[in-house]
Amino acid sequence: MKKVLCLLWFGCVFFSCAARAGGTEDFCKLYAEMPKSYVRPVNVKEIAEAVLKNFSIMDKQLHLGGKGDKLTLYYKGKSWSFAKPKGEDDANAWCRLTKEVAQKAGEYSEKFLENDYLLSEKVLTETLPLFDKDSKFFGDGLEMTNKRLKHKRLFAARMEESKRLYLKISIFNSHSLENLKKAFADFPEAEALTIDLRGNPGGSLEAAVAAADLFLDGGIIVSTHDEKGGSEVFYNADEAEEMAGKKILILVDGQTASAAEMFAQALADQGRAEVEGSETYGKKTLQNLIELPGGGVAAVTEAYFRPPSEI
């Protein structure tokens, strides 16, 4: 596969320390990673202020405000002021501030303290879509959306009638390419393929591109671009092709999204596969999956994509 680049803790209260520390560490990881990959320019200050504002989700009597270089936490007639970091992109400083505010909120708000194990989930669920509708928080790395992938195998292969190999890909990840190659080796008698992408929310762009490359003998797989002023990035297929000459049917539905949509459209646009099913999610955005210390995943939009037919 060839890629052508055209430029482009705070004090613990009773025994809830671990949960709340885990929650704030999630925010710290987001501060450090999201500005690097987000589709448009965004600084740590923007992300942190959105996170802190949503602390009120934990207790409606908690409010944060303030202008200039001060942030103020209000609760039942009391208030506490905190100095904002001087650097808009100082992730460590905004991390420390977030922990300080969480500690103070936990000391006075029983609701905040009792539910601190849900801090990251509740706050990030509300915060990420503020940046764009496709950026979301998932509470389990295997549970990418609406618990659809929980307790499900992420890949399955079986031989069906008429020597048709059925492949179910629930998400594209670092194992997808290896799984596909193993399936081809395990079922060399296959004369046709069905690739089921129904319910697949996407996953890794690189994994989906590598998977698509198996079925193509050249040409553009996809191009991506962002809002940071860089040029488009084009992903091209190698000439080598697995399962050459064998018919491919791809199954999709309304929950087929992101990198899964890209995979299906790339094969369809090059005449390599037929696509059946209902209309896909249709967002044409790609998400970077940021794995968080608490076990969740922040899926933040990193690029828009164009299939071969639109290039």
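In the predicted model, three strands form an open sheet in the order 2-3-4 with antiparallel pairing. Strands are DSSP runs of E of at least two residues, helices are runs of H or I of at least four, and both are numbered from the N terminus. Two strands count as paired if DSSP finds at least two bridges between them. Strand 2 (62-65) and strand 4 (78-83) are the edge strands, each pairing on one side only. On average, neighbouring strands of this sheet are turned by 20° against each other, direction ignored. Axes are lines fitted to C-alpha atoms, for helices over the stretch in contact, and angles between N-to-C directions run from 0 to 180 degrees.

Strand 2 and strand 3 (residues 70-75) run antiparallel and are joined by four bridges. Gly-65 stands opposite Thr-72 in strand 3. Helix 3 (residues 91-108) lies across strand 2, strand 3 and strand 4, and runs at about 165° to strand 4.

Ala-298 is located in strand 14 (residues 297-306). The relative accessible area of Ala-298 is 0%, and the residue is therefore buried (buried, under 20%; exposed, over 50%; partly exposed, in between; 1.4 Å probe, protein chains only). Contacts, defined by heavy atoms within 4.5 Å, link Ala-298 to Leu-30, Leu-128, Lys-136, Asn-288, Leu-289, Ile-290 and Leu-292, not counting residues up to four places away in sequence. Asn-288 is ten residues from Ala-298 in sequence, with a C-alpha to C-alpha distance of 8.0 Å.

Residues are numbered from 1 along each chain as its sequence is written, and side-chain values use heavy atoms, with hydrogens and water left out. Local features need pLDDT of at least 70 and side-chain atom pairs count only at pLDDT 80 or more, whereas totals for chains, interfaces and linings use all residues.
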